[in-house]
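Me: I'm new to this one. Could you show it to me and walk me through its charged pairs?

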Amino acid sequence: MGLDLIVPLKRPAEGKSRLRGAVVPERHAELVLALAYDTLSAATSADGIRRVLVVAADPASVADLTELGVEIVAEPSRGGLNAALRYGEELLRRDTPSGLVGALQADLPALRTEDLTAALAEAAGRRAFVADRQGTGTTLLLAGTGPLEPRFGGGSARAHSASGATPLTITAESLRADVDTADDLAHVRTLGVGKRSSTLLGTPCVVM
């Protein structure tokens, strides 16, 4: 059975506040959406991914993501990131109660499909997570056979480990390279980003 992924998305104009200034102000929302587009392009192409559900604060503002084959639903009116993920999990499990579910952050523009596939293989159906390159955050959380139990936010890697999730040990550099700051953006540019991000940033496209 394949894995169903939940990807939460803020309104592009409001997301990634620490990246403001990376591009001219009127293109900030375009940058946020480009990061998500390249993340989802890789995720939907990875072996073992069956379905991708985007839980969006403003579905209309991210509607062009549907060309990648993802589904988009509106997030609950309140509750934040973890509530959005639990809502996505609830929707997915209505259709496939015993299915495998995971949560992926939407700011991984350098993501390689082989890194995501390798993470799923190492997890082998267990509740597990991938920490970001700093080792404090979480880029991917897999539910295993039980509930997802998301604990995203400050120190989420430690919180997920404390809740019983197994930290995956694969290198998977592109899967650990989330983008929150200008330094993060510089780092993913060295790895090579997807088409949308490369066009916007003037960086050669390496991720296919």
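Reply: A salt bridge here means a side-chain nitrogen of Lys or Arg within 4 Å of a carboxyl oxygen of Asp or Glu. This is a predicted model, where local features need pLDDT of at least 70, side-chain atom pairs count only at pLDDT 80 or more, and totals for chains, interfaces and linings use all residues. Residues are numbered from 1 along each chain as its sequence is written, and side-chain values use heavy atoms, with hydrogens and water left out.

Me: Why is the pair of R151 and E149 called a salt bridge?

Reply: Their closest N and O atoms are 3.4 Å apart, and the limit is 4 Å, so the pair counts.

Me: What makes R151 partly exposed?

Reply: Buried means under 20% relative accessible area, exposed over 50%, and partly exposed in between (1.4 Å probe, protein chains only). R151 comes out at 35%, so partly exposed is the label.

Me: How do you know that R51 and D95 form a salt bridge?

Reply: The closest N and O atoms of R51 and D95 are 3.0 Å apart, so they pass the cut-off. R51 lies in strand β2 and D95 in helix α2, so the bridge ties together parts 44 residues apart in sequence.

Me: Why is R51 called buried, and D95 exposed?

Reply: R51 has a relative accessible area of 18%, so it's buried. D95 has 52%, so it's exposed.

Me: What makes D184 buried?

Reply: Its relative accessibility is 5%, so D184 is buried. D184 meets R133 in a salt bridge (3.1 Å, N to O).

Me: How many salt bridges are found in the whole structure?

Reply: The search finds 12.

Notes: Helix = DSSP H or I, 4+ residues; strand = E, 2+ residues; numbered from the N terminus.
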